[in-house]
Amino acid sequence: MGAIRLLPSAVADRIAAGEVVERPASVVKELVENALDAGARRIAVALDGGGVERIAVEDDGVGIAAEDLPLAVERHATSKLADERLVEIATLGFRGEALPSIGAVARLSLVSRPRNAAEGAEITVEAGVKGSVRPAAAGFGTRVVVRDLFFCTPARLKFLRSPRAETEAALAATRRLALVHPEVAFRITVDGREVLALAAGDPFRRMTDLLGEEMARHAVALAAERGKLRLAGWVGPPSLTRATQADQHLAVNRRPVTDRLLRTALRVAYGDAIAVGRHPVALLALDVPAEAVDVNVHPAKAEVRFRDAEAVRGFVISAVREALNAGRLVAPVPRHPPSFRFASPRGSAPALAEAPALPLSAPPAARPAPAPVPGLADHPLGAARAQLLGTWILAETADGALILVDQHAAAERIRHEALKRSLATEAGVAKQALLIPAVVELSPARAEVVLARAGTLARLGLVVEPFGGAVLVRAVPAPLTGCDAAALVRDLAEELVESGESRAIESRLDAVLARMACHGSIRAGRRLSEAEMNALLRALEATPNAGTCSHGRPTWIRLEAADLERLFGRR
Ligand code: ADP
Ligand code: MG
């Protein structure tokens, strides 16, 4: 980096306009980016009071010369643009907007000491008013302290969520940057308590630290190249999914992005190996030539624009697909015989109460009426005849049709409706006490989010209480007896963190119930007895909205005798 200089106004005007500072997380993101741009090897982040009271970011990077401090807090002053074309941007920052924007809405202190300086210097900005540069005690590097965020723009405070939610968002922003900068050590403290300490290490170690052991054990490594595009990282197996996209970490030229194009490409690559509404876990770094991407399209720089979007999309899809196939995680053969493809409504997600009709019906030709099957008179889904591949129930109806049931989807819908019905009663959802309470380790922020909703969760049949830093589960909803309580709580924590506001759980009860319903005991792959299969069919008939599961996939389809005959060319 050279000296800090003011951008000519013509360049400044082309900088994507917009608020840089929306919430504490955006302050943390900008300050950590600055530290990374300064070549720091160690970065310490401290948050107090959700980041509104105080945010401090300290680094051991190159520092800022005392005489440059006033310029650093000036609008459109940056040391990072080599030329004025706003292309070939190699640093995370380039607009010279973060420090002045933060100084405009808070009390900012910037203390810095470059390697060659005998002592440090400090400058302060309060509500946009710059102080003078003064000597200050400091080690090598830079320390930025932001106090009383939005104290002079109280209207902005109203848009903030609870301190807990703001803290979680700030942590997420730091984790995103830490994932693609494994060579830098990070230490994060929240209200004086250390919540994360990451040693500098290799990318795999960093992924393990941040995405967890399970991902590290089952992830498929990926390294692909096409022309000047390079993609590297890890993708999770289809069996490891999340309720939200929060664990899809994508970076373009080492800049974390939440780019739609890349997320869609990832989803497409997994195809129907994962359920609708679930999201794969991934850590992927895309490298493209600097001139092939425009990073100056979004105020928070979270989105980018590719010059050749189609090429990027195609490359990402095929690279991820190949990696998954090589890892033998996607069945190499189609999951349905080709002749059944047209009959599989997967993906079109019909929201009807009825199972989708097959596009096969033709006027019935004259043929003998099927012989009635004894004992099936009143059962539209018929009698179970077999279980196929541990996944499908095959049934035969009195009027001579064949019914195929997705046992997992059906069981999920039945549980979802049962949960809904019991929630509507005064007592709420019945509880099933656990003989041995389950201890669930969560990040402190997630544990707090879950415990803060303990009252509502109890009404849903889930009884949790604090247990050291962890969460103790005493009872699970009765319709979910036998489920993995820890997995259920982790999944709900993710849902709650994502939906944020404390009121949100009330308005999202149905989504929470749907999520709970996924955690029942009948999973695809379990062998069912004939009695169990018939019980499932009867329960399905008695359930409202039974035609689709909670994710909108069909739970059963009906094949008429005529459809079967046509498949065999007999009609
Ligand atoms: P930008 O990062 O877009 O250049 P900022 O307002 O974030 O704009 O920072 C302004 C300038 O202050 C930077 O260009 C850089 O020269 C200097 N600076 C900011 N933070 C640091 C830091 N942690 N270490 C060294 N220099 C910094
Ligand atoms: Mg910056």
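These legends accompany close-up views of a predicted model. Residues are numbered from 1 along each chain as its sequence is written, and chains are lettered from A and ligands numbered from 1 in the order in which they are written. Local features need pLDDT of at least 70, side-chain atom pairs count only at pLDDT 80 or more, totals for chains, interfaces and linings use all residues, and side-chain values use heavy atoms, with hydrogens and water left out.

**View 1. Helix H2 covers residues 24–37.** Helices (H or I, at least four residues) and strands (E, at least two) are DSSP runs, numbered from the N terminus. H2 has 14 residues, and its end C-alpha atoms are 20 Å apart. Of its 14 residues, 13 are buried, so H2 is largely enclosed by the rest of the structure. Buried means under 20% relative accessible area, exposed over 50%, partly exposed in between (1.4 Å probe, protein chains only). Gly-39 follows H2, with a positive phi near 75°.

**View 2. The largest cavity has a volume of about 50 Å³.** A cavity is a set of points, on a 1 Å grid over the protein atoms alone, where a 1.4 Å probe fits but cannot get out; lining residues have an atom within 4 Å of a point. Grid points are joined across faces, edges and corners, and a volume is the space filled by probe spheres set on the points. The structure holds 2 cavities of 30 Å³ or more. Leu-231, Leu-250, Ala-251, Leu-262, Leu-284, Leu-286 and Val-316 line the largest cavity. Strands S15 (248–252) and S18 (282–287) are the elements that give two or more residues to this lining. By class, the lining has 7 nonpolar, no polar and no charged residues. Ala, Val, Leu, Ile, Met, Phe, Trp, Tyr, Cys and Pro count as nonpolar, Asp, Glu, Lys and Arg as charged, and the others, Gly among them, as polar.

**View 3. The second largest cavity holds about 30 Å³ of space.** Its lining residues include Val-450, Leu-457 and Leu-496. Helix H14 (residues 485–499) gives the largest share, 4 residues. The lining divides into 8 nonpolar, no polar and no charged residues.

**View 4. Three strands form an open sheet in the order S24-S26-S25.** The pairing is antiparallel (two strands pair if DSSP finds at least two bridges between them). S24 (431–440) and S25 (463–467) stand at the edges with a single partner strand each, so one side of each is left without a neighbour in the sheet. S25 and S26 (residues 470–477) are joined by 5 bridges. Phe-467 has Ala-470 in S26 as its bridge partner.

How values were computed
Expected span 1.5 Å × (residues − 1). 1 Å grid on protein atoms, 1.4 Å probe; cavity = no way out; pocket = protein on both sides within 12 Å on 5 of 7 lines; lining within 4 Å.
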